[in-house]
Amino acid sequence: MDGYSLSAKNEITALSFSTDCCKRAFLSALIHTGGSLVFGHGGMRVIIPAATAALEKKIDETLREVADGVRAVKDGSETVIEGQGVLPLMFGLGIFAKRGEETVVNEGIYPGLVRENCCAVWYIRGAFLGSGSASLTKGYHLEFALSGEALALDLIELLARFGIEGRLVGRKDKHVVYIKEGEAVSDCLALMGASGAVVELNSRLIMRSFRRDTNRRTNCEIANISKTVNAAVRQCEDIKLIESKQGLASLPEKLEIVARTRTEYPDESFATLAERLGLSKSTLKNRLNKLGEIAENIREREKESNRD
């Protein structure tokens, strides 16, 4: 787990519940998305891998408040939910259900758990703590890696209730619900209460926008400089052609002054040259265009002469 994901999860773990139904929604999501069932001599156990110490404490405290005969204990890098009350807990959290005499696993989200919006938010939080991750290293990305398609589709529907678009993709044996755009990732983190992670993400979004705008301005400036240089080179070539073929003294006085000044200051910008000559930019443009027309006429005459 990278530092950004861990920071976001620690923020969510530290949040307080509103009601007991929110606690059940949270536990159901955490176990359904991140837990695995193990059957042994001690009966049924639920194993949640790689839980932080803070999350382990939250799981244990929450279990004691909503269920009897269960506890959460640390076993190496795993948190284990065990006790005689595990089976009733699985029914109470909507993970198990009865079909006649048969016990089955609910493949999706039990609707009764997420009827209220506060419980729906806690379900999303539990799902993120159980199977989620967020990253800023390669774009902006948040995902939930789930074991079943029905659960993934239900989670997409739950996110949509809050205006967040989740998309589904298969990855090996997982059904991954992912959120890609920076603004949508920010909205989901804000919904889950990871305010510090939101601030960091938005700071990066602002910086990326600033860099993009700066690059755009730089590219525009480079393009303008290139156009100015190319225009100055073309103007100087036209003037040299006129000088070599008919002499600058053959030009009207106003054009001759512009031609000689441009030749003397070939690197000056259009605005600087206009200021030096005491002309408006539009007047200078017209006179340079006239010089260009004279040079073009010389070239056309030379082409006709060569054809003859």
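The model is predicted, so local features are reported only at pLDDT of at least 70 and side-chain atom pairs only at pLDDT 80 or more, while totals for chains, interfaces and linings use all residues. Residues are numbered from 1 along each chain as its sequence is written, and side-chain values use heavy atoms, with hydrogens and water left out.

The protein chain contains eleven helices and ten strands; these are DSSP runs, with helices being H or I of at least four residues and strands E of at least two, numbered from the N terminus. Of its 308 residues, 41% count as buried, where buried means under 20% relative accessible area, exposed over 50% and partly exposed in between (1.4 Å probe, protein chains only). Among contacts with a separation of 6 or more, 59% join residues 24 or more positions apart; a contact here is a pair of heavy atoms within 4.5 Å.

Helix H5 (residues 117–131) takes part in two helix pairs described here. Helix H1 (residues 3–13) packs against H5 at an angle of about 140 degrees, with the axes 10 Å apart. Axes are lines fitted to C-alpha atoms, for helices over the stretch in contact, and angles run from 0 to 180 degrees between N-to-C directions. H1 is therefore oblique to H5; angles under 35 degrees count as roughly parallel, over 145 as roughly antiparallel, 65 to 115 as roughly perpendicular, and the rest as oblique. The crossing of H1 past H5 is left-handed, meaning that the near helix is turned anticlockwise from the far one by less than a right angle (clockwise would be right-handed). H1 contributes Ala-8, Lys-9, Ile-12 and Thr-13 to the contact, and H5 contributes Trp-122, Arg-125, Phe-128 and Leu-129. By class, this contact has five nonpolar, one polar and two charged residues; Ala, Val, Leu, Ile, Met, Phe, Trp, Tyr, Cys and Pro count as nonpolar, Asp, Glu, Lys and Arg as charged, and the others, Gly among them, as polar.

H5 also meets helix H6 (residues 149–160), with axes that come within 11 Å and cross at roughly 130 degrees. H5 and H6 are therefore oblique to each other, and H5 passes H6 in a left-handed crossing. Here Ala-120, Tyr-123 and Ile-124 of H5 touch Leu-151, Leu-155, Leu-158 and Leu-159 of H6. This contact has seven nonpolar residues, with no polar and no charged ones.

Turning to the cysteines, the structure holds zero disulfides, a disulfide being a pair of cysteine sulfur atoms within 2.5 Å. The sulfur of Cys-22 has its closest cysteine sulfur in Cys-118, 3.5 Å away, too far for a bond. Cys-22 is buried at 0% relative accessible area, whereas Cys-21 is partly exposed at 28%.

Two residues of helix H3 (residues 53–66) make a handy contrast. Thr-62 is buried, at 2% relative accessibility, and, leaving aside neighbours within four places in sequence, is in contact with Phe-17, Lys-23 and Leu-27. Ala-53 is exposed, at 61%, and its C-alpha atom is 9.7 Å from that of Ser-77, 24 residues apart along the chain.

Finally, Lys-172 has a positive phi of about 55 degrees although it is not a glycine. Lys-172 sits in the loop between strand E9 (167–171) and strand E10 (174–179), and is exposed at 87% relative accessibility.
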